[in-house]
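I opened my notebook beside the structure today.

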Amino acid sequence: MVRTRQGSPCTIVIKLGTSSIVHEKTHQPLLSILSSIVETVVNLRSEGHKVVLVSSGAIGVGLQRMNLPSRPKSVSGKQALAAIGQGRLIALWDDLFGHLGQPIGQVLLTRGDISDRTRYLNAVNTLQELLSMGVVPIVNENDTVSVSEIKFGDNDTLSAITSSMIHADYLFLLTDVDGLYTANPRKDPSAKQIETVTSISAIRSQVSTSTLGSSLGTGGMETKIIAAEIATGAGVNTIITSSKRPENIFSIIEYYNALKSTSPVDEDPSNANPSISLPRPPHTVFVPSSMPMRDLKSWTSHTLHPSGSVVIDSGAHRVLSKRESGGRLLPAGVLGVIGAFASGQAVRIVVRKPINGSVVEVASAQSTRPNSPTLFSAPLSRSGSSGDLTKDGTTDETNIEIPEFKDEDVVEVGRGLANYNFAQILKVKGLNSSFLPQMLGYADSEYVVENITIRLPP
Ligand SMILES: N[C@@H](CCC(=O)OP(=O)(O)O)C(=O)O
């Protein structure tokens, strides 16, 4: 069922939430949990595994340092507390790991840091370098500089993106419950643990997620399910288990190694050999995708904050949905754009919402009526020449005709990376790609958007 290189060392990401790091009321560090984590990580390292720790807790530790009762409401208040707490948090980790001779490295990331391909690759290289030096990277969000558009928001998402960045075998989401339940096990005695999740969309309808968060962290079960969706989509076995028994990480890895050794090809847990004698430690496992997203696609879908949208027609939506990977959009399928973006930036791929139950087709392709108003597209006051279009996205935007697609008229179906800037794509929308050199003065690619992941088929 789970995918690992059986018996060989694994790359493991362990995420520890605020509620497992500081006491919910006193905000004192939970030293027994932290010490057990440190022992577990060092033991995993001695078995040859590579381990990354994603640690929340900066704001919680900051609260304790300033003797404050609860998280401030303001963003700047939280950022200030994170600045106060992060230093003490990493000092605490360094102290505990130091007792066992294990070096650590601090890695603070924001979504903005990895929205740029070069910076993303730098982050990947740094993590890989730390791992190959035998260091345990300790990752947290760089809260002090994060604003809403560049925030991961919760460390569940950050840990999923980290595990996808380093192609981890396992992501362990350690929390104050030992798995995903059908209802809140603290309130509902009939709540049942879900052992294996093969379909995230199916699980959403079976689980009541609303009450499983704590007052300190920003996550809860819902964010863990989102994280599992990201990580399993990138091929990472994702496991929710209790932070009170981190040593279970060993037993869980052993358990799946044993399953694989009896049934190395069969991925279906119901076909696992019943003679397996190892007990199953309590946890929920999310089975990874059988066709993990290629690195660039995962990066595009989850790490980038899209800068704008490209509106496509229903035919393009159909064709792109048939592609397993690396979908590419020709200008002929483009109806318009929303927002301004440069070439190389991430864009949403959107389609028009149906009107009165049916999709209304835009009246024409541009090849017959260039820049003409359509049902959703009309020139604004800055119309005129199409601008001085340059290859690097430095269009003279003062002269561009911007059509009137609005966010509320469309629905996102996927994401991709733009090969041209918004003005260039507007200029060639609806055209055959053979017109690109003539319209733009150059054509690096016949496709206007590449690396498209369609998440919502027609
Ligand atoms: N970056 C923040 C943690 C964000 C957060 O609350 O995460 P989590 O506790 O995992 O829901 C901090 O260190 O306080």
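Entry 1, the whole protein. I noted that this is a predicted model. I looked at contacts between residues with a separation of 6 or more, and 77% of them join residues 24 or more positions apart. I then looked up the helices and strands. The protein has 12 helices and 16 strands.

How much of the protein is buried? Of its 458 residues, 51% are buried; I used under 20% relative accessible area as the cut-off for that word. The protein exposes about 19,700 Å². Carbon and sulfur atoms supply 51% of that area.

I traced an open sheet of 8 strands. Its order reads β3-β4-β2-β1-β5-β9-β10-β8, and the pairing is mixed. Which strands stand at the edges? They are β3 (104-109) and β8 (196-197). Each has a single partner strand, so one side of each is left without a neighbour in the sheet.

I picked β2 (residues 50-55) and β4 (residues 136-141). They pair in the parallel sense, over 2 bridges. I followed Leu 53 across to β4, where its bridge partner is Ile 138.

Next I looked up helix α4 (residues 117-132). Helix α4 lies across β1, β2, β3 and β4. It runs at about 145° to β4.

Terms used. Residues are numbered from 1 along each chain as its sequence is written. This is a predicted model: local features need pLDDT of at least 70, side-chain atom pairs count only at pLDDT 80 or more; totals for chains, interfaces and linings use all residues. Side-chain values use heavy atoms; hydrogens and water are left out. Helices (H or I, at least four residues) and strands (E, at least two) are DSSP runs, numbered from the N terminus. Buried means under 20% relative accessible area, exposed over 50%, partly exposed in between (1.4 Å probe, protein chains only). Contact means heavy atoms within 4.5 Å. Accessible areas come from the Shrake-Rupley method with a 1.4 Å probe; for residues, only the protein chains shown count as cover. Two strands pair if DSSP finds at least two bridges between them. Axes are lines fitted to C-alpha atoms, for helices over the stretch in contact, and angles run from 0 to 180 degrees between N-to-C directions.
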